[in-house]
Amino acid sequence: MTAEESREGLSDPETEDAADAGSSRDDPGREPASSEHAARPMAPEEAQVARQIRDRLGKRTITLIGMMGAGKSTIGRRLAQRLDLRFVDADTEIETAAGMSIPDIFATHGEAHFREGEKRVIDRLLQEGPQVLATGGGAYLNPQTRARIAESGPAIWLKADAETLMRRVRKRPTRPLLQTDDPEATLRRLMDERYPIYALAEFTVVSREVAHEVIVDELVALLDASL
């Protein structure tokens with residue numbers, strides 16, 4: 001089935017990310033598996049696979065990397081739900097630590113300041129597994145962060161094409177790095193810069209316009225085969 005054929009009636013990870021961000025919870029960056037994001041009851045076979053993955057994972061972290069709009073937060077929540085693990089969104093943790101939104105951090109302190117804080121927060125989070133961790137699009141570019149992620153568990157690149165990413169990010173016009181005269185050209189430039197580095201991740205799964213559970217199924221199969 002092509003992306004065009006599968007698009008109608010399917011959820012958009014970026015749209016749902018925006019809705020999720022407004023939900024009420026005690027700790028906005030950390031979600032237990034028993035959350036509102038449960039898609040469906042698990043079959044006994046699925047529950048057994050989830051237990052096996054958790055046992056093999058131990059105290060490590062499953063880290064999702066990729067561009068803005070790849071669906072890291074949305075898919076990460078559902079993966080954590082499937083595996084009965086905690087979900088953590090690094091960007092939300094950064095905002096909590098800074099006491100301001102990421103666009104405000106960029107506007108007030110600049111990108112370099114944000115990246116330094118991002119590095120510190122992710123380093124701390126990686127010590128708190130087991131969990132599923134969604135990182136910001138630029139986090140994996142830092143060599144030290146990249147090494148820490150590799151030491152702490154499997155890194156999975158959610159890879160999407162430019163058209164898919166652009167369609168999603170247009171719905172959220174507050175992305176700091178896309179506040180330019182030509183956001184699409186900026187996005188493509190970022191992809192050119194980042195994709196060779198993302199490709200260093202241990203695993204890659206294609207993020208595309210299919211039901212979220214399809215991507216989660218692929219991630220679970222990958223983890224079951226590789227851990």
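Trainee: Leaving aside its neighbours within four places in sequence, with which residues is Gln131 in contact?

Mentor: Contact means heavy atoms within 4.5 Å. By that rule, Gln131 touches Arg60, Thr61, Ile62, Leu85, Arg86, Val88, Leu125 and Leu126. Please note that this is a predicted model, in which local features need pLDDT of at least 70 and side-chain atom pairs count only at pLDDT 80 or more, while totals for chains, interfaces and linings use all residues. Residues are numbered from 1 along each chain as its sequence is written, and side-chain values use heavy atoms, with hydrogens and water left out.

Trainee: Is Gln131 buried or exposed?

Mentor: Buried means under 20% relative accessible area, exposed over 50%, and partly exposed in between (1.4 Å probe, protein chains only). Gln131 has 0% relative accessibility and therefore counts as buried.

Trainee: Which side chain is joined to that of Gln131 by a polar contact?

Mentor: A polar contact is a pair of N or O atoms within 3.5 Å; within protein, one must be able to donate a hydrogen and the other to accept it, and residues adjacent in sequence count only if both atoms are side-chain atoms. The partner is Arg86, at 2.4 Å.

Trainee: Why is β2 described as largely enclosed by the rest of the structure?

Mentor: Five of the five residues of β2 (residues 61-65) are buried, so the strand is largely enclosed. Thr61, Thr63 and Ile65 point one way, and Ile62 and Leu64 the other.

Trainee: Which backbone features deserve attention?

Mentor: Most residues other than glycine have a negative phi, and most peptide bonds are trans. Here the bond from Gly129 to Pro130 is cis, with omega near 10°, and Pro130 sits in the loop between α7 and β4. Asp84 has a positive phi, near 60°, and lies in the loop between α4 (72-83) and β3 (86-89).

How values were computed: Helices (H or I, at least four residues) and strands (E, at least two) are DSSP runs, numbered from the N terminus.
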